[in-house]
Amino acid sequence: QAYRCILQNDFEQAIRWFESAIHAHPEHAELYYRCSITHARSQHLSPALQYARKAVELSQDTEEYRLHLQTLEAKELSIQAKGMLEQAGSGTHARYVQAARLLKQAVKLDPLSVEAHVMLALAYSDLNEFDLATKAVRDALSLDPQNGQLHLLLDQITQRMNSIQ
C-alpha cells in the first residue's frame, strides 16, 4: 500500500502506511528505512533522522542504512550552519567558525553534497581563509563541473583574496 501511494506521489499517506507497518512489525529495519526515505522526500528531517537511526540500530551491518543516516545527519548540520551564516551582528566571527566546523563535519558525512561544500566555501571566505574557501569550491566543482554559479563563486573568492592581499 505504501509503495502504491509513493507511485501516486502521496507521500503523506505512504508515511501513514509505513508507520502502521512499523507498529505491526517493529523489528523490521527495512520499514524504518523506507519510512525515513519517505519523510526525507517530504522535507520532514527530524522524523527522517529518527527512523533512519532506528533502522541502523536494528540492522547495523546494512551499509545502505548507514549511508542514508549519514546523508541526513549531514543535511541537519548544513541547515544548522546555514542559520549561523545568515545571522549578522555581534559574534559573527565565532558563528562563522562554528558554521565552518559543522560544515566540515557535514562534508565528511556526505562528500557528495554540493550545498555543504558551497556553504563551507562561503564560511571560509568570510573568515578570510581563502585557500580553504578555494578548495571547498573546487571540491563542489568536481561534483558539478557545469555549474556556472560555482565558477562565478570561485572567481569572486579569488578577487576578494587578491583585493585583501
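Reader: Why are α4 and α5 called roughly antiparallel to each other?

Author: The model is a predicted one. In it, the axes of helix α4 (residues 45–58) and α5 cross at roughly 150°. Angles over 145 degrees count as roughly antiparallel, and α4 and α5 are therefore roughly antiparallel to each other. Their axes come within 9 Å, and the crossing is left-handed.

Reader: What makes the contact of α4 with α5?

Author: Heavy atoms within 4.5 Å count as a contact. On α4, the residues concerned are Leu45, Ala48, Leu49, Ala52, Arg53, Ala55 and Val56. On α5, they are Tyr65, Arg66, His68, Leu69, Leu72, Glu73, Lys75, Glu76 and Ile79. By class, this contact has 10 nonpolar, one polar and five charged residues.

Reader: Which residues make the contact of α5 with α7, and how do they divide by class?

Author: Lys75, Ser78, Lys82 and Leu85 of α5 meet Glu115, Ala116, Met119 and Ala123 of α7. Four of the residues in this contact are nonpolar, one is polar and three are charged.

Reader: How do you know whether α6 and α7 are roughly parallel or antiparallel?

Author: Helix α6 (residues 92–109) and helix α7 (residues 114–126) pack at an angle of about 150°. The cut-off for roughly antiparallel is over 145 degrees, and α6 and α7 therefore belong to that class. Their axes lie 9 Å apart, and their crossing is left-handed. The contact involves Tyr96, Ala100, Leu103, Lys104, Ala106 and Val107 of α6. From α7 come Ala116, His117, Met119, Leu120, Ala123, Tyr124 and Asp126. These residues divide into 10 nonpolar, one polar and two charged.

Reader: What lines the largest pocket?

Author: The lining consists of Ala40, Gln43, His44, Leu45, Thr71, Leu72, Lys75 and Ile79. Helix α5 (residues 63–86) supplies the largest share, four residues. By class, four lining residues are nonpolar, three are polar and one is charged. The volume of this pocket is about 160 Å³.

Conventions. Residues are numbered from 1 along each chain as its sequence is written. This is a predicted model: local features need pLDDT of at least 70, side-chain atom pairs count only at pLDDT 80 or more; totals for chains, interfaces and linings use all residues. Side-chain values use heavy atoms; hydrogens and water are left out. On a 1 Å grid over the protein atoms alone, a cavity is a set of points where a 1.4 Å probe fits but cannot get out, and a pocket is an open set with protein on both sides within 12 Å along at least five of seven lines; lining residues have an atom within 4 Å of a point. Grid points are joined across faces, edges and corners, and a volume is the space filled by probe spheres set on the points. Helices (H or I, at least four residues) and strands (E, at least two) are DSSP runs, numbered from the N terminus. Ala, Val, Leu, Ile, Met, Phe, Trp, Tyr, Cys and Pro count as nonpolar, Asp, Glu, Lys and Arg as charged, and the others, Gly among them, as polar. Axes are lines fitted to C-alpha atoms, for helices over the stretch in contact, and angles run from 0 to 180 degrees between N-to-C directions. Angles under 35 degrees count as roughly parallel, over 145 as roughly antiparallel, 65 to 115 as roughly perpendicular and the rest as oblique. A crossing is left-handed if the near helix is turned anticlockwise from the far one by less than a right angle, and right-handed if clockwise.
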